[in-house]
Amino acid sequence: MTVMDYELMARLSEADGVSSQEGEVAGIMVAEFKKRGLKTEVDNFGNVLAYKTLGRNPLILAAHMDEIGLMVKHIDEKGFLRFIKIGGIDDRTLANQQIILRTPLGLVNGVIGMKPPHIMKDEERKSVVGHGSLFIDIGAGSDKEARLMGAEIGCVATFPTKFCRLGKKMMCGKALDNRIGCYVLLELSKGLPDNVVLMGTSQEEVSTFGKGAMTASYRLEPRAFIAVDTSVAGDHPELKPDDAPLALGKGPCIALVEAGARGNVADRKLAQNLLRLAKKAKVKVQIEVFDGGATDASSVHNIKGGIPSIAVGIATRYIHSTVGVAHEDDIRMSIKLLGEIAREL
Ligand SMILES: [Zn+2]
């Protein structure tokens with residue numbers, strides 16, 4: 001199996017790509033696909049497509065490039081910024097975090113401020129401070145100074161979390177959902193069969209189901225669609241196996257049902273093929289039936305007369321926070337399994 005390229009994984013995790021502004025991630029993807037000898041294109045919606053050859057009804061393997069973040073909605077007279085959330089962020093993960101604001105004049109440091117606990121009333125201390133009561137402090141003294149620093153309504157912010165290794169085989173970083181998927185696609189470039197598209201998708205985090213995957217798949221009419229994404233791991237002290245049975249290091253997660261079957265219900269043949277190939281390639285897998293979330297597969301399965309779709313997930317702890325944790329064995333086993341199915345389908 002391939003050796004994990006932690007330098008590349010760190011670059012992907014630390015790149016900024018709030019939904020609809022995936023350019024920095026797309027740039028890395030295009031450059032790395034080209035280095036690996038593939039043809040690339042970026043479509044109208046910001047999706048990155050890479051392939052050796054492209055014909056009718058390709059197989060698509062897709063990973064979303066975007067991440068959750070914040071967007072400025074108001075600048076007050078003292079230079080503090082109010083914001084909306086882009087994608088599913090738990091308000092509890094926001095308070096007193098450092099942020100990086102992306103402005104037309106460049107990157108600007110900031111912090112998310114709130115009332116300190118000393119001043120809170122008893123009831124306030126017990127409840128979550130909603131994002132509407134939080135604000136971004138960029139160290140400006142006024143509205144005018146904030147604007148001179150580059151702050152504008154519509155600027156996006158992400159978190160400056162540094163990627164790091166945890167223990168021997170684990171890693172921690174922001175946006176592991178879904179830069180891990182992006183990493184897997186890049187690793188699949190080598191020996192890619194004809195008429196298989198590796199696709200970095202845009203705007204997965206900002207609709208019930210992914211937007212970019214849908215627009216690109218509508219155009220390409222794939223014979224099958226496989227989303228490569230992260231799955232919620234439940235192997236820590238605050239979750240029980242019946243809440244979230246997936247664990248780190250136990251292999252790729254084959255998602256049979258997403259979003260409590262409101263999303264994709266995996267194509268049976270695709271699921272059976274993946275399970276058969278996993279056995280053949282001696283890759284351990286975990287079966288996922290998920291009530292809570294969805295992947296790009298959910299936005300593709302029911303277009304153009306129906307497209308056989310499934311998601312393969314890499315179990316990740318603390319998903320949708322700035323400190324996702326994942327295991328390299330799951331990444332390597334996913335690359336192996338997806339390489340097998342790309343050759344067979
Ligand atoms: Zn995701």
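**Entry 1**

I looked up Lys-169 and found it partly exposed, because its relative accessible area is 34%, which falls between the 20% limit for buried and the 50% limit for exposed. I note here that I am working with a predicted model. Lys-169 forms a salt bridge with Asp-329, and the closest N and O atoms are 3.1 Å apart. Lys-169 sits in the loop between β10 (164–166) and β11, while Asp-329 sits in helix α9, so this pair ties together parts that are 160 residues apart in sequence. I then checked Asp-329, which counts as buried because its relative accessibility is 18%.

**Entry 1: Asp-330**

I moved on to Asp-330, also in helix α9, which covers residues 328–344. I listed the contacts of Asp-330, leaving aside neighbours within four places in sequence; among them are Leu-248, Gly-249, Lys-250, Gly-251 and Ile-314.

**Entry 2: Glu-67 and Lys-174**

I counted salt bridges and got 24. One of them joins Glu-67 to Lys-174, with the closest N and O atoms 3.0 Å apart. Glu-67 lies in the loop between β3 (59–64) and β4 (69–75), and Lys-174 in the loop between β11 (170–173) and α5 (176–187), so the pair ties together parts that are 107 residues apart in sequence. Are Glu-67 and Lys-174 buried or exposed? I found Glu-67 buried, and Lys-174 buried as well.

**Entry 3: Lys-304 and Glu-221**

I looked at the salt bridge between Lys-304 and Glu-221, where the closest N and O atoms are 3.3 Å apart. Lys-304 lies in the loop between α8 (297–300) and β16 (309–316), and Glu-221 in the loop between α6 (212–220) and β13 (224–232), so the pair ties together parts that are 83 residues apart in sequence. Lys-304 is partly exposed, because its relative accessible area is 37%. Glu-221 counts as partly exposed because its relative accessibility is 35%. I also traced a network of salt bridges that share partners: it joins Asp-16, Glu-24, Glu-67, Arg-102, Lys-174 and Arg-179.

**Entry 4: a nonpolar patch**

Last, I looked up a nonpolar surface patch of about 260 Å², made by Leu-275, Ile-287 and Val-289. I placed Leu-275 in helix α7, residues 268–280. Leu-275 counts as partly exposed because its relative accessibility is 34%.

Definitions and conventions: Residues numbered from 1 in each chain as written. Predicted model: local features only at pLDDT ≥ 70, side-chain atom pairs only at ≥ 80, totals over all residues. Heavy atoms only, no water. Patch = residues over 30% accessible without salt bridge, like charges linked within 9 Å, V, L, I, M, F, W, Y side chains within 5 Å. Areas by Shrake-Rupley, 256 points an atom, 1.4 Å probe, with all protein chains shown as cover. Salt bridge = Lys/Arg side-chain N within 4 Å of Asp/Glu carboxyl O. Helix = DSSP H or I, 4+ residues; strand = E, 2+ residues; numbered from the N terminus. Buried < 20%, exposed > 50% of the residue type's maximum accessible area, 1.4 Å probe, protein only. Contact = heavy atoms within 4.5 Å.
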